[in-house]
Amino acid sequence: MLRHLLLANFKTVYRFNRWLRRRFTATGYLVLCSMGVSLVVGMNTSLNLASQIFTFLLIILLVSLISSWFFQPTLQAQRRLPPYATVMEPFGYTLQLSNPTGKSYRGLQLIEELQVVWPSHEELRRYQDPTDQYRNPFDRYVGFPKWVSLVNHKQGADIKPGDIPYFASGETVDVPVQLIPKRRGYLQLQGYRLVRPDLFGLVNGVKQFQEPGSLLVLPRCFPVAKLDLPGTPVYQPGGVPLVGSCGETEEFAALREYRQGDSLRSIHWKSWARSGKPIVKEYRSEYFTRHALILDTFAAKTEETVFEAAVSIAASLVSSVDLNENLLDLMFIGPEVYRFTAGRGLHNPTQLLTILACVQMIHQQPFSRLHQAVLEYAGQFSSSIAVLLDWDLPRQQLVRELRNRGVPTLALVVSTGTLGSTLAEEAMEIPTDQLAEKLQQL
Amino acid sequence: MKAPSLFIATSLLVWGWQVEQVGLAVSFALLLEASRLFKWQWPLPDKVIYRLVDACAFLLMVLACTVFFQNPPAKALFTLLQWTPVVLFPVVAIQYFGNRDRLPLAALSLQHRRCTQGRQSIDLSYPYFVICLIAASTGNRAAIVFYLAVASLWTWALWQHRNTRHNPGVWAALILMAASGGYLGHTALIQLQATLMEEMPAWLLAWFDNSATDPYQRSTAMGTIGRLKQSNRIVLRIANDGHERVPELLQRASYNLFRHNTWFAASDAFKDLSTTTATQWQLTSSPQETDHSVNILQTTYNNSGLLPLPFGAQQISHLSAKSLQRNALGTVKAHTDTRLLHYRVDYTTTDQGTTPTAVDRSLPAGYRKLLAPTVAKLRLKEQPPHRVPALLKNYFNSQFSYSLDLATGDKELPPVIDFLRTTRAGHCEYFASSTVLLLRQAGIPARYVSGFSVQEYSELEQQYIVRQRHAHAWAIAYINGAWRTVDTTPMVWQQIDARQHSLLTPLYDVFSWIWLGLEEWRLEHEQKDPRQDLVWLLFPLGLILTWRMGWHKRFLRDRSIHIKRQNLPITGDGIDSACYQIVAWYQKRGIQRKPHQTLKSWFANLTRQDNKNNELIARIVILHYRYRFDPVGLTFAERQQLQGLVQEWFAKHQ
């Protein structure tokens, strides 16, 4: 009850805290805290002189606040954002600022603003904050620090402010901004703030500009040892549309009479003219080496770190498989069954990585959905790699079934290092803290 | 934010001047500034800093306990603040004399100590400056000079961190203006406080209804609507001697004049009671023979209050009070130094009391006509006076019901008449007021009494307890030359009232009991030298400090070592490591390790060209380091492994 009441007020507290952080400099904080302490101590003016400290600081702070309101720059900006970034890999971009006014500015700071997405109660319940264990029982019970951590996580990046020492009138400058993405998926940039401290250096004058932008953060990739995926080319009924012409291409097989539903493009006009009835060209279907990359998204009991590690493994594998000669099917379950094919010029690995950047855990649905979806296409696969979040019976059954159907399967089970000997010979355990080492040993 | 030279020293001097500790302040200031003159710096590992900070925190706690035991809270707070710069001085000193400009934040926060990632640091010079200034303000000396000192020090601090794009002249003018404004603001603040102090009592009196403890008047809830709700707070504790029964009712105040639903005490002013000894008080000028006594423990909130006494109280003893006053109606008011009043009351069952006056027979205008039918119906005037109370009790018990729901029937009638004629249901105020008015109509002098009913025995405390909701009202009548209690409220009121018992009441009772125990302990020891009790306080604090200083970890570690090593011979912290054989081998050949080189880097230099040996020596060094420095050490098998690796190394080199 109390907790729910507190949760309802988290946004207000967060906003107030953010306002304080934006508005006050470090010196400003010191003055503010000193003012608070002197107010408490000097409440009764007849007992001590702390009220003198309070009134002096109050006036100083008021002067600072009023002078900070006069900071109202009119600037124009254009952000040059790259399309992709990778989790935990710092990168820089520039924001081009123009000063069309007749006024020069000194000591400006540019701070990029990420969109704040408020987490739901359910998200907060599921969120596992790694630093929560170090907090005191009160903070853990109330949950505000965890809530703030989740908000920051959802924002998705740490952005270092860009400094503009001097900005002359009519000038255009490129302000470098450093960004470290903290999670995969889309980063939504809302706008930017121009900040300048007042003359006492206590309160920041802040001017907010709206400049929406977004970039996609790809999952973290690790180098993978050269993968020798077993399996021979497999008959692909109907071929694979749009594949490039290298390797085995679609070839003419025979002529036959037109059947309802045949494409008009297949009609052999010369034969029709000769025979007097519609004749179509028949092609032979192709044989390709086609690998499946099955990503387990069923995270009923799984920690988020394990799922993120699984996505990283999948991304690392996508980057390492040779897609010039082979096809790679990425399969996973989201709101529906997803199957994306890349290779042989059809799609490139980056496109699969963009898909992986947006994969989400699912909590409610049974694993059997993935089981059915995979087995439906199992006949087309030369081999498969299953990146699993657990090694329970349904997952074991999926791997065994694939192997029974003649699809060599490499099962990788991501864990926090607690599975131990339960895997036997059938699967390989990859602890979340040893991704790089284990992927080198594949 | 690093403080400039002499800044903290000046702040310390201001503090010293204000709190009259100039000698201490000068020595601290010199010590801190001396740190800038010397080139050497004290290399302090994090753990030493943590322990120093813990020790200072411990000292601060001891100081807080000491001053709060020896002084009233407000004075204690200021005394504590005054000495805070002294207690926290070592923390700032380690920053000045240490080999780093800032202290790790983990020194001040346990959360940061537990979290090993992202170590943050903090410069304590400015926070210490603020502490010095606040501490100095408690000295309360030379207000104008102190303001100048405050303004100058802050100006100095702000100058260091000003925005340099502005003209210094403008900056100085603004700060001068702010300083002047601040002083004017402070003067205005003092005036505002004076005004508030003057006006506040009147506002508070208007805001809060203080009639519950007012000996002169008592407003009733009669005529209002809603539901009466009272708290479960324990206000009295009653203990009897041996098997003696406790009085059922305790009278707090009595009133004799009824106007507009309010009972007033129309009597002479309160008069001081005579005392035979410092703790014994005579309630009447001609005391009667007493045959009962009761011990009462009362909690007050402003060191004064009305004493709830049994009917016929003659004498109060064991009560330490500054003064005791009583009015003609028997209401007793006490002024004490403590919140807890513990006293014994001797009483008699029949109270001669004061003789009734005309006010005790008076009725409000118009009531005589309204009450006449009821009196006539009950034939009260025709009955002998001693039978009237029983008749009234029977009448109210048989034809009226007790209810906490406040409702009105005929709005035209006064609430008491409405109660008698229409609603016939109400709480004790209705019954008591009606009884008094009917008795007076029947020609019997009567008064309205408010107090408490004693009805709940606490198994936890082994005595009777009286809660706020046990507040009750009844009548007293002057019959046959003595005042008698006439309580006509149906007895069912106690059960109905008990329904207000909350589920949390037992929990509250336990806390209340613990609080009482602590308060009694405090009062008992207040007279003694508080330093005697501090010895007991130091013991748990010392234990906490020991725990914080890391002995718990050492103890646990030592136990684990003991368990792991119990099967191994005692060797002396890895001095016998086989790795030293390799060191000796090299030394024999004239290859010496330089003092600054670690064993690992020395071996790495020696075997740089030899990859196979490099791996072998790396494994040896890891095991050797664990043997030498890991508190858990090596198991027997690992020591064997280390020996084996060294032998393998020798096999390759010989």
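Hi everyone, let's start in chain B, where S16(B) and S17(B) form a hairpin with 5 residues between them, and B:Gly330 in the turn has a positive phi of about 95 degrees. Before going on, a word on what you are seeing: this is a predicted model, in which local features need pLDDT of at least 70 and side-chain atom pairs count only at pLDDT 80 or more, while totals for chains, interfaces and linings use all residues. Residues are numbered from 1 along each chain as its sequence is written, chains are lettered from A and ligands numbered from 1 in the order in which they are written, and side-chain values use heavy atoms, with hydrogens and water left out.

S16(B) pairs with strand S17 (residues 332-335) of chain B in the antiparallel sense over 4 bridges; strands here are DSSP runs of E with at least two residues, helices are runs of H or I with at least four, both numbered from the N terminus, and two strands pair if DSSP finds at least two bridges between them. Within this pairing, B:Leu324 has B:Ala334 as its bridge partner. S16 (residues 323-326) of chain B also pairs with strand S9 (residues 271-272) of chain B, antiparallel again, over 2 bridges. There, B:Lys271 stands opposite B:Arg326.

Still in chain B, there is an open, antiparallel sheet of 5 strands in the order S14-S6-S22-S25-S26. Strand S14 (309-310) and strand S26 (482-486) of chain B each have a single partner strand, so one side of each is left without a neighbour in the sheet. S25 (residues 471-479) of chain B is joined to S26(B) by 5 bridges, and B:Tyr478 faces B:Trp483 across that pair. Helix H12 (residues 428-441) of chain B packs on this sheet, touching S22, S25 and S26 of chain B, and its direction makes about 10 degrees with that of S25(B). Contact means heavy atoms within 4.5 Å; for the angles, axes are lines fitted to C-alpha atoms, for helices over the stretch in contact, and run from 0 to 180 degrees between N-to-C directions.

Now over to chain A. Its open sheet of 6 strands has the order S16-S15-S14-S17-S18-S19, with mixed pairing. S16 (337-342) and S19 (428-431) of chain A are the edge strands. S14 (residues 290-295) and S17 (residues 383-388) of chain A run parallel, joined by 5 bridges, with A:Ala292 opposite A:Ser384. Helix H8 (residues 304-320) of chain A packs on the sheet, at about 145 degrees to S18(A).

Finally, how do the chains meet? The contact takes 38 residues from chain A and 43 residues from chain B. About 3600 Å² is buried between them, 71% of it from carbon and sulfur atoms; buried area is the accessible area (1.4 Å probe) that two parts lose on being put together, summed over both. A:Phe56, A:Tyr134 and A:Leu199 supply 21% of the area that chain A buries against chain B, more than any other three residues.

And how many salt bridges cross the interface of chain A and chain B? The rule (a side-chain nitrogen of Lys or Arg within 4 Å of a carboxyl oxygen of Asp or Glu) finds 0. Thanks, everyone!
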